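Here are my notes for you, point by point. Keep the structure open while you read, and find each residue as it comes up.

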Amino acid sequence: MCPKVAIIYNEPTPGRYHSMGEEKAVLGVLEEVEAVHRALTELGYAVALVPLLPPLEQVREKLECLEAELVFNLFEGFDGCPETEAVIASILAELGLPYTGCPGSVLALALDKAKAKTLLEASGISTPRYQLLNPETLFMFHLSYPCIVKPCGEDASHGLSEESVVGDDTSLEAQVRRVCQLFGGKALVEEFVDGREFNISVLGTRELMALPISEITYALPPGMPRILTFSAKWDLQSMYFQCTKVVCPAEIGTEMREYIVETALSVFRLLGCRGYARVDIRLDTEERLQVLEVNPNPDISPGTGAARQAEAAGMSYNQFIEKIALLALERH
């Protein structure tokens with residue numbers, strides 16, 4: 001008999017991202033919830049939708065009252081407070097509720113991009129050289145141009161635009177000031193790696209399964225940096241969206257495929273990921289893999305990276321969603 005499932009998610013509300021014109025990423029969770037709900041219902045699960053709103057104290061009380069044998073965790077953090085994603089997962093663990101995806105500690109680590117990169121470096125996994133900077137510490141800049149300036153603690157490509165790649169001190173200062181003003185006082189500055197871009201999702205708890213690799217391809221006009229901007233993900237009318245495509249499975253040789261899979265599995269284990277996560281990678285000029293980011297609990301809406309890769313592995317969408325649910329029950 002199928003267990004009772006509660007799908008928890010952040011109910012979209014006007015906030016910081018709305019004021020910045022980046023509310024589409026927040027609203028996207030509703031499409032994900034609808035798709036997962038439909039898949040689980042078709043599979044025969046009894047499903048309840050549980051939207052969450054701040055404050056956290058009331059959220060905990062709501063979770064304590066759940067009558068479910070499994071929590072399908074699609075909570076992405078309250079608007080403008082991405083760190084709450086990890087808090088909710090930790091509350092679920094404290095309450096002893098089986099839940100899908102990664103533990104709160106992993107979500108918090110991956111959200112702190114500088115901390116995650118430090119761990120990668122210490123373990124011998126290549127990642128672009130970086131610094132954490134703010135307007136007062138710009139004089140300490142010692143990287144080589146071009147660089148890319150990102151918020152240190154955001155996901156969904158918040159804050160990434162054509163201007164994020166900088167090639168001189170003036171544009172560096174402008175972007176660091178902008179990111180610090182909008183996203184919490186510190187900017188992650190990385191040396192920009194402009195080679196082929198791949199991502200790969202990994203499923204599992206004890207035994208891990210790497211899904212087929214995707215390549216992000218760009219057909220942008222000269223002068224536009226080849227990066228996955230916010231508009232490339234969310235603005236269907238933008239040049240970035242229209243000129244950014246995904247090839248899955250990636251057209252690569254066996255040796256490169258094994259190299260990417262081995263790297264992704266190492267990263268998954270290193271961070272302590274469980275359930276599902278995606279690793280974003282680029283090739284540098286010497287054909288070495290550079291890990292850009294780790295994305296625990298990535299978007300699993302139909303047509304997104306992880307779902308596309310699961311389909312390439314021979315899974316229907318419903319099978320993919322049930323796999324995630326069964327992994328959570330296995331872990332518990």
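1. Let's begin with helix α6, on the side where Lys115 and Ala122 are exposed. Exposed here means over 50% relative accessible area, buried means under 20%, and partly exposed is in between (1.4 Å probe, protein chains only). Helices (H or I, at least four residues) and strands (E, at least two) are DSSP runs, numbered from the N terminus.

2. A word on what you're looking at: this is a predicted model, where local features need pLDDT of at least 70 and side-chain atom pairs count only at pLDDT 80 or more, while totals for chains, interfaces and linings use all residues. Residues are numbered from 1 along each chain as its sequence is written, and side-chain values use heavy atoms, with hydrogens and water left out.

3. Back to α6, which spans residues 113–122: which of its residues are buried? They are Lys113, Ala114, Ala116, Lys117 and Leu120. These cover an arc of only 160° around the axis, so they sit on the same side of α6. (The arc is that of the directions from the helix axis to the C-beta atoms.)

4. The cover over those buried residues includes α5 (104–111), β4 (130–133), β5 (147–151), β7 (187–191), α10 (254–271) and β13 (289–296); contact means heavy atoms within 4.5 Å. After α6 comes Gly124, with a positive phi near 80°.

5. Now for a sheet. 3 strands form an open one in the order β2-β1-β3, with parallel pairing. Two strands pair if DSSP finds at least two bridges between them. β2 (46–52) and β3 stand at the edges with a single partner strand each, so one side of each has no neighbour in the sheet. From one strand to the next, the twist averages 25°.

6. Look along the pairings next. β1 and β2 are joined over 7 bridges, and Ala6 stands opposite Ala48 in β2. Strand β1 (residues 4–10) pairs with β3 over 4 bridges, and there Val5 stands opposite Leu70.

7. Is β3 (residues 70–73) covered on one face or both? Both: Leu70 and Phe72 on one side, and Val71 and Asn73 on the other, are all buried.

8. Helix α3 (residues 56–64) lies across β1 and β2, at about 170° to β2. Helix α4 (residues 84–94) packs on the sheet, touching β1, β2 and β3, and its direction makes about 170° with that of β3. Axes are lines fitted to C-alpha atoms, for helices over the stretch in contact, and angles run from 0 to 180 degrees between N-to-C directions.
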